[in-house]
Amino acid sequence: MTVLAAFAAVFSYYGARHEAWDILDFQLQQIARVVGDGDGLAPLSRAEASDDELIAIRVVFADGRPARMNEPGVRFPAAGSSGFSTFRDGGEEWRLFADTSDPVRTVMAAQRMAERDELAADAAWNSAWPFLLAIPLSWLVTYWLVGLIMQRLEILAASVERRSLDDADPLAVEDAPVEIRGLVLAINNAFERVRRTLEGQRIFLADAAHELRTPVTALALQIDNLKQARRPEEREAAIADLETGIRRAVQVATQMLRLVRSESAERPEAQAEAIDLAEAARDCLGRFVAMADAKGIDLGMEQAALCPVKIDAVELAAILDVLVDNALRYTPEHGRVDLAVSREGSRAVLRVTDNGPGVPAELRDRVFDRFFRLDPSGTEGSGIGLAIARNLVGHYGGAIRLEDNPAGSGLRVVVEWPLADGTVLSFS
């Protein structure tokens, strides 16, 4: 504001000065044209006109008559062509206008340059000083306005400072200055995200405590049974139950840790590399052969196209383990679980199909929620496997969905990833 006001003052000063010069030149022209023969011209006394008001006039006649003038002390130059010029007399510079349009006479009107400069400077200063006065006034107004805004900001900051850790209520937008209401809305959105995060953490802790309580309670009972065992076979059975309970507790703890890591916003992906999805699927089948044989389930690979995907090998194995483990758990004895890996355009597609009870269409979104289980009493599990799989798949640009088994009853899980090489294939 100061720079703009100073610039406006300078522009106004020089503009008004130039305008004043134009007005004074116009005044000389008008005087020269209305003097006529100069009959009324007479020497001026200092009481009649001050120096800054003096216009010296000289009328020269072509027939040789004596020239007429109102200021004999001014030595005019010889009459020349019409127009403006300057001359010096007695150490002073004069502005001269000569009118030679009449062949009978030539009229010359002159004014001191110093007086013209003073008049022009006065006019210019009168137009510039309001802008200069506006500079300190703008400081005061700005200081006052900023003070009002900052005062309201301080109130807003104090209300945020007084908040407790779990207070995520939105700030009052109407109490904030208009200029920062967008910022307040953004802060409120951040508070809402924090509130949802805290609520999610509370729910997770409650669910995790509930899930861990079952295996821990079972361990306590098994330890008690082991203490009461008298015969060797009883102790061996109690030890076997205890080992099973420990594996169950370790599995739940491991899955919860994996879930937390999969939901973390800052996950290192330095180990991501191009891995053949079909080869990883075959390795996964090898890890579950014993489990499938125990239930008499036909576990196999229907299709195995070369599909390189860029992903961490450990996390890809975790995804495949969750999908195959779920399929085997919910498929009845002597059932069938098939894996298929194929290319579709620029995507690698994995399908895991079983002939188990399936998942109702209205619950297919809910099964991806943490700790949600269709039949908590029917099978073992913590209900977080699909949540882990969805998070890990999403981190690498993939998607996961549930479909009906096209061959009949059962479920098909479809997972898609971008191909690592970006190859686009066409299918007839």
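1. Before looking at any pairs, one term: a salt bridge here is a side-chain nitrogen of Lys or Arg within 4 Å of a carboxyl oxygen of Asp or Glu. Keep in mind, too, that this is a predicted model.

2. Start with Arg112 and Glu92. Their closest N and O atoms sit 2.9 Å apart, which makes the pair a salt bridge because the cut-off is 4 Å. Arg112 belongs to strand β5 (residues 105-112) and Glu92 to strand β4 (residues 92-99), so the bridge ties together parts that are 20 residues apart in sequence. How covered are the two partners? Arg112 is buried, at a relative accessible area of 12%, whereas Glu92 is partly exposed, at 35%.

3. Next, have a look at Arg336 and Asp298. Their side chains meet in a salt bridge, with 3.0 Å from N to O. Here the link runs between distant parts of the chain: Arg336 is in strand β9 (residues 336-344) and Asp298 is in strand β7 (residues 298-304), 38 residues apart. Arg336 counts as partly exposed, with a relative accessible area of 39%, and Asp298 is partly exposed as well, at 39% relative accessibility.

4. Then there's Arg347 with Glu416, a salt bridge at 3.7 Å, N to O. Which strands does this one join? Arg347 lies in strand β10 (residues 347-354) and Glu416 in strand β12 (residues 411-418), so to speak distant parts of the chain, 69 residues apart. Arg347 is partly exposed, at 24% relative accessibility, while Glu416 is buried, with a relative accessible area of 16%; the line between those two classes falls at 20%.

5. If you're wondering about the background, side chains of opposite charge can pair when their charged atoms come close.

6. Now step back to the whole chain. How many helices and strands are there? The chain has eight helices and 12 strands. Among its contacts with a separation of 6 or more, 64% are between residues 24 or more positions apart.

7. Finally, the surface. Of the 428 residues in the chain, 37% are buried. The chain exposes about 24800 Å², and carbon and sulfur atoms supply 57% of that area.

Conventions
Residues are numbered from 1 along each chain as its sequence is written. This is a predicted model: local features need pLDDT of at least 70, side-chain atom pairs count only at pLDDT 80 or more; totals for chains, interfaces and linings use all residues. Side-chain values use heavy atoms; hydrogens and water are left out. Helices (H or I, at least four residues) and strands (E, at least two) are DSSP runs, numbered from the N terminus. Buried means under 20% relative accessible area, exposed over 50%, partly exposed in between (1.4 Å probe, protein chains only). Contact means heavy atoms within 4.5 Å. Accessible areas come from the Shrake-Rupley method with a 1.4 Å probe; for residues, only the protein chains shown count as cover.
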